[in-house]
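Please look through the structure shown below with an eye to its charged side chains. The notes that follow are meant to guide that reading step by step.

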Amino acid sequence: MSSAISTDVLIVGAGVAGLWLNARLRRLGYSTVLVENASLGGGQSLKSQGIIHGGAKYALHGALTGASEAIADMPRRWREALAGSGELDLSGVQVLSQAHYLWSPGTLAGNLTSFFASKAVRGRVDQVKGSDLPPALQDKAFKGKVYRLAELVVDTPSVIQCLAQLGGDGLLAGESVEPLRENGELAGLRVDGREIRARRVVLSAGAGTAALLQQLRVDQPAMQRRPLHMVIAKGATLKPLYAHCLGGGTKPRITVTTHPARDGQWVWYLGGDIAEADGVARTPEQQIATARNELGQLLPWVDLSQVRWATLRVDRAEPAQSGLVRPDNAFLAEQGALLVGWPTKLALAPDFSDRVIASLDRDGIKPGQHPSLPPLPRPPLGQAPWEQLLP
Ligand SMILES: Cc1cc2nc3c(=O)[nH]c(=O)nc-3n(C[C@H](O)[C@H](O)[C@H](O)COP(=O)(O)OP(=O)(O)OC[C@H]3O[C@@H](n4cnc5c(N)ncnc54)[C@H](O)[C@@H]3O)c2cc1C
């Protein structure tokens, strides 16, 4: 039987939320253990498009809510961390693009008028032309308008790797998790039979959180899954493009991000409306045909003949919502020693940490004295999906 451990905060789930929180708490002097049952970042985080949203996309829906203030501050928080001068030192992270673009292929004046009238984008959006256009749009045949949003795009494998390094000796590969109770109160968890006592337990297990709550016999907060059917294209003719391409509706028709594969080729990763409801209903073959057709219409000058294709089904995990409103800040629920949440976006990992730290501060939980950790089995790093699907 492995020896018991005592720590200040025990976190379950090492996606961006758990890893960011773990690194921040350690920097503040807390002792932490972070348990992962698969691979670091291998849930949603490495499957995300890596856009550090500042809320501009949501302005397409019309008015932004007050709650969106948290997201508006995220690009600054990330930029500071990426420069090594923020709450964490993420200077080892690769930034894929300093900006994300809004690309209107046709005449969508009405849509864009309300967009530019919104407070979230005023003064933060510039039109770009000619050689300032994203490389994939620099073609004589290109028509349409392109605006630069102050939202960066990060390479998620390097984010996860950097955060894992900041996790020090506290990362633990562990499969089974059972509650450890004392006088009816949660006093920690038993992980693969090993007792881990903690003053607070944080569940940041993404789509795995619902099952964990069941194991702990807790029925709140409720979780929802939003299925997506993403498209991956890989080929030597693809050039960098980071853009929301607008259609007639309030959601981008297609959101393209470009990622370096290990073999040096570019990968286009396609989300937005194409990956939502209708896309989810399509078979992979139909989804690829739809994406090919869309790209053929939008970017007829790009040679797709040698491109290889794959699709990826993945669920976004979020707190259950009433109606169709999308969460635009991190969510955290508290029940005694148990904290449960979802950042709802990669970009909102700093906001998720803020909420946990505010809860610790409020409850007067300060860094405590604990024996140093024994050597722990470390979870492996996850991979970007195209490395598995299109090696
Ligand atoms: C296709 C797609 C594109 C996206 N694009 C963007 C984007 O461009 N910008 C943006 O800001 N957001 C984006 N998001 C959202 C973003 O990816 C997520 O909100 C974020 O990554 C969630 O982080 P997380 O740490 O909560 O969850 P996850 O990354 O899912 O991590 C949860 C971890 O918990 C582990 N786990 C589960 N159960 C257990 C258990 N029982 N015990 C131990 N560990 C467990 C999992 O293995 C996993 O590693 C996107 C999401 C998807 C799906």
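This briefing goes through the salt bridges of the structure, beginning with the total and then turning to individual pairs. The model is a predicted one, and 19 salt bridges are counted in it.

**Arg24 and its partners**
- Arg24 and Glu87 form a salt bridge in which the closest N and O atoms are 3.8 Å apart.
- Because Arg24 belongs to helix H1 (residues 16-27) while Glu87 sits in the loop between helix H3 (74-82) and strand E3 (95-97), this pair ties together parts that are 63 residues apart in sequence.
- Arg24 counts as buried, since its relative accessibility is 15%, and the cut-off for that label is under 20%.
- Arg24 and Glu87 are also members of a network of salt bridges, in which they are linked with Arg77 and Asp354.

**Arg253 and Glu294**
- A salt bridge joins the side chains of Arg253 and Glu294, with an N to O distance of 3.0 Å.
- Arg253 lies in strand E14 (residues 252-260) and Glu294 in helix H8 (residues 284-298), so the pair connects parts of the chain that are 41 residues apart in sequence.
- Arg253 is partly exposed, with a relative accessible area of 23%, whereas Glu294, at 14% relative accessibility, counts as buried.

**Arg190 and Glu195**
- The side chains of Arg190 and Glu195 also meet in a salt bridge, for which the N to O distance is 3.7 Å.
- Arg190 is partly exposed at a relative accessible area of 28%, and Glu195 likewise counts as partly exposed, with 26% relative accessibility.

Terms used: Residues numbered from 1 in each chain as written. Predicted model: local features only at pLDDT ≥ 70, side-chain atom pairs only at ≥ 80, totals over all residues. Heavy atoms only, no water. Salt bridge = Lys/Arg side-chain N within 4 Å of Asp/Glu carboxyl O. Helix = DSSP H or I, 4+ residues; strand = E, 2+ residues; numbered from the N terminus. Buried < 20%, exposed > 50% of the residue type's maximum accessible area, 1.4 Å probe, protein only.
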